[in-house]
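Keep the sequence beside the model as you read.

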Amino acid sequence: MAEESVKTTETTAGSRPAPRSAERPAGGREGARGERRGDDRRPPPRRPRYPRKRKFCRFCADTSMQIDHKNPDLLKQFITDRYKILPARVTGTCAKHQRALTTAVKRARNLALLPFTPLHHD
Ligand SMILES: [Zn+2]
């Protein structure tokens with residue numbers, strides 16, 4: 001390649017177009033205004049790679065779903081594999097239904113319809 005010899009003078013030569021190759025540093029804006037390094041301390045805005053599905057309260061969406069402490073199969077969808085109650089920020093349940101859900105899970109535990117802990121053996 002003949003460009004190897006011209007590479008040193010390339011920064012001053014403004015007449016010929018800059019080559020689009022990998023030898024230029026990424027974001028080479030030496031003459032740009034935002035040269036202060038301190039401005040780049042801010043983390044980049046969080047942008048998901050894929051559109052995340054909107055969370056919604058399942059009990060608000062389907063009013064026929066009743067929160068019942070005698071229905072452990074429903075309550076099991078809102079507890080972890082260690083039988084802890086999932087937070088509303090994970091499931092998307094609204095505050096009103098999360099309160100009812102928490103009460104129902106605790107009642108179901110007391111009736112032995114749900115375990116308190118995975119350490120439990122009967
Ligand atoms: Zn709700």
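**From helices to core**

Along the sequence the protein reads α-α-α-α-α. That is five helices and zero strands. Helices (H or I, at least four residues) and strands (E, at least two) are DSSP runs, numbered from the N terminus. The model is predicted: local features need pLDDT of at least 70, side-chain atom pairs count only at pLDDT 80 or more, and totals for chains, interfaces and linings use all residues. Residues are numbered from 1 along each chain as its sequence is written.

Of the 122 residues, 7% count as buried. A buried residue has 20 or more other C-beta atoms within 10 Å of its own; 12 or fewer makes it exposed, anything in between partly exposed, with C-beta atoms placed from the backbone. Contacts are pairs whose C-beta atoms, placed from the backbone, lie within 7 Å. Among contacts between residues at least 6 apart in sequence, 63% join residues at least 24 apart.

Now the core. Leu75, Phe78, Leu101, Ala104, Val105 and Ala108 form the largest nonpolar core. Helix 5 (residues 95–110) supplies its largest share, four residues. Such a core is a set of buried Ala, Val, Leu, Ile, Met, Phe, Trp, Tyr and Cys residues joined through C-beta atoms within 7 Å.

Next, His69. It sits in the loop between helix 2 (58–61) and helix 3 (72–75). His69 counts as buried because it has 20 C-beta neighbours inside 10 Å. Leaving out residues up to four places away in sequence, His69 touches Ala104, Arg107, Ala108 and Leu111. His69 and Arg107 lie 38 residues apart in sequence, yet 6.0 Å apart in space, C-alpha to C-alpha.

How values were computed: Two residues are in contact if their C-beta atoms, placed from the backbone, lie within 7 Å.
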